Amino acid sequence: MLIAYGVVFLCGCDNAIQSNYNEDIVVGAFLYANEPVDSIVLHRTTPFGSFYDDLDYAVENAQITITVDGVVHTLLPGTRKGRYYLPSSELIIKGSKTYNLSITAPNLQTGGQHHLSAITTVPMPIHLTSFADSIRGKTFIFDTNNVASFAYLVTATPTDTSDHRYLLSVSALDTSFGLIHIRRMEDSTIITKYSEVATGPAIAVTARFLDWYGPNLITMYAIDTNWWDYQRQVPNFGGGTNYQPSLNHVTGGMGIFGSGARDTVSVFIKPKD
């Protein structure tokens, strides 16, 4: 989930006016309780009217550190350009701890450097309730003639009392079992659907989350304030309004350095004979 930011394009009654391009760095980073730092993604903004290509705008040669409890951890470049990580032997993210991100990246426009920073406090781990165990690995029949009958409430038990918000996703793990044909054609490329953000850890999985038959992974998240503000800027999520500087928590750049805790359960979706 990464917002692509470009420069502003202003329209008026006369000719359209394009603002000057100023290179910025866009961060895509999510930390999860009890998991390693597997991917921090950096891109440059794309000039208005330019074709976006990941390899062209991914940022290499960046210096990235994450500091926790006074210890500085330096990230390594991944196998794909613009991706950085820490080995699991180096750091496992812990709930309730605060993590500071620092980034120095080359500025290709000016020849100087970008300096970015951000901070997040990770939610404590959450655990799906016993209902998840009762459906884990089971097969559910999906009747396209009675989609309203498919509704299951997924609930997680928080392990702290913080004022977190919650998010649910359903991901197709194997699309070879076929597309659910009541869906629009544009859904044929979508493998993950997300809920709107909720204030409590109970969200219903309904037919609108399902695009594919076969194995599907249901994930419940507890998310921090950074992630919630990020979701508020994503179109089609909670009245997303696109980029707003007041909701950006990355100093010196833009994007997301957020954190969460998650738990999962997998089920198998089968068409009605």
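A residue counts as buried when its relative accessible area is under 20%, as exposed when this area is over 50%, and as partly exposed in between, with a 1.4 Å probe and protein chains only. The legends below describe a predicted model, in which local features need pLDDT of at least 70 and side-chain atom pairs count only at pLDDT 80 or more, whereas totals for chains, interfaces and linings use all residues. Residues are numbered from 1 along each chain as its sequence is written, and side-chain values use heavy atoms, with hydrogens and water left out.

**Figure 1. Overview of the chain.** The chain contains three helices and 18 strands. Helices (H or I, at least four residues) and strands (E, at least two) are DSSP runs, numbered from the N terminus. Of the 273 residues, 43% are buried. The chain exposes about 13,900 Å², of which carbon and sulfur atoms supply 52%; accessible areas come from the Shrake-Rupley method with a 1.4 Å probe, and for residues only the protein chains shown count as cover. Among contacts (heavy atoms within 4.5 Å) between residues at least 6 apart in sequence, 71% join residues at least 24 apart.

**Figure 2. Asp229 and its salt bridge to Arg232.** A salt bridge is a side-chain nitrogen of Lys or Arg within 4 Å of a carboxyl oxygen of Asp or Glu. By this rule the count comes to eight salt bridges. In one of them, the side chains of Asp229 and Arg232 meet at 2.9 Å, N to O. Asp229 has 7% relative accessibility and therefore counts as buried, while Arg232, at 32%, counts as partly exposed. Elsewhere, salt bridges that share partners join Asp54, Arg80 and Arg83 into one network.

Figure 3. The side chains of Arg262 and Glu35 form a salt bridge of 2.7 Å, N to O. Because Arg262 lies in strand β18 (residues 254-271) and Glu35 in the loop between β3 and β4, this pair ties together parts that are 227 residues apart in sequence. Arg262 is partly exposed, at 31% relative accessibility. A further salt bridge joins the side chains of Lys272 and Asp143 (3.5 Å, N to O). Lys272 belongs to the segment after β18 and Asp143 to the loop between β12 (139-142) and β13, so the parts tied together are 129 residues apart in sequence. Lys272 is exposed at 52% relative accessibility, whereas Asp143 is buried at 17%.

Figure 4. Two strands pair if DSSP finds at least two bridges between them. Strand β3 (residues 25-32) pairs with β4 in the antiparallel sense over five bridges, and Ala29 has Ile40 as its bridge partner in β4. The pairing of β4 with strand β8 (residues 83-85) is also antiparallel, over two bridges; here Ile40 stands opposite Tyr84.

Figure 5. Rings of Phe, Tyr and Trp (its six-membered ring) pair if their centres lie within 6.5 Å; planes under 30 degrees apart count as stacked, over 60 as edge-to-face and the rest as tilted. By this rule the count comes to ten aromatic pairs. Phe30 and Trp227 form a tilted pair, at 4.7 Å centre to centre and 55° between the planes. As Phe30 lies in strand β3 and Trp227 in helix α3 (residues 225-231), the pair ties together parts that are 197 residues apart in sequence. Both residues, Phe30 and Trp227, are buried. The rings of Tyr32 and Tyr221 also form a tilted pair, because their centres are 6.4 Å apart and their planes stand at 40°. Tyr32 lies in strand β3 and Tyr221 in strand β17 (residues 214-223), so this pair ties together parts that are 189 residues apart in sequence. Tyr32 and Tyr221 are buried. Ring pairs link Phe30, Tyr32, Tyr221, Trp227 and Tyr230 into a cluster.
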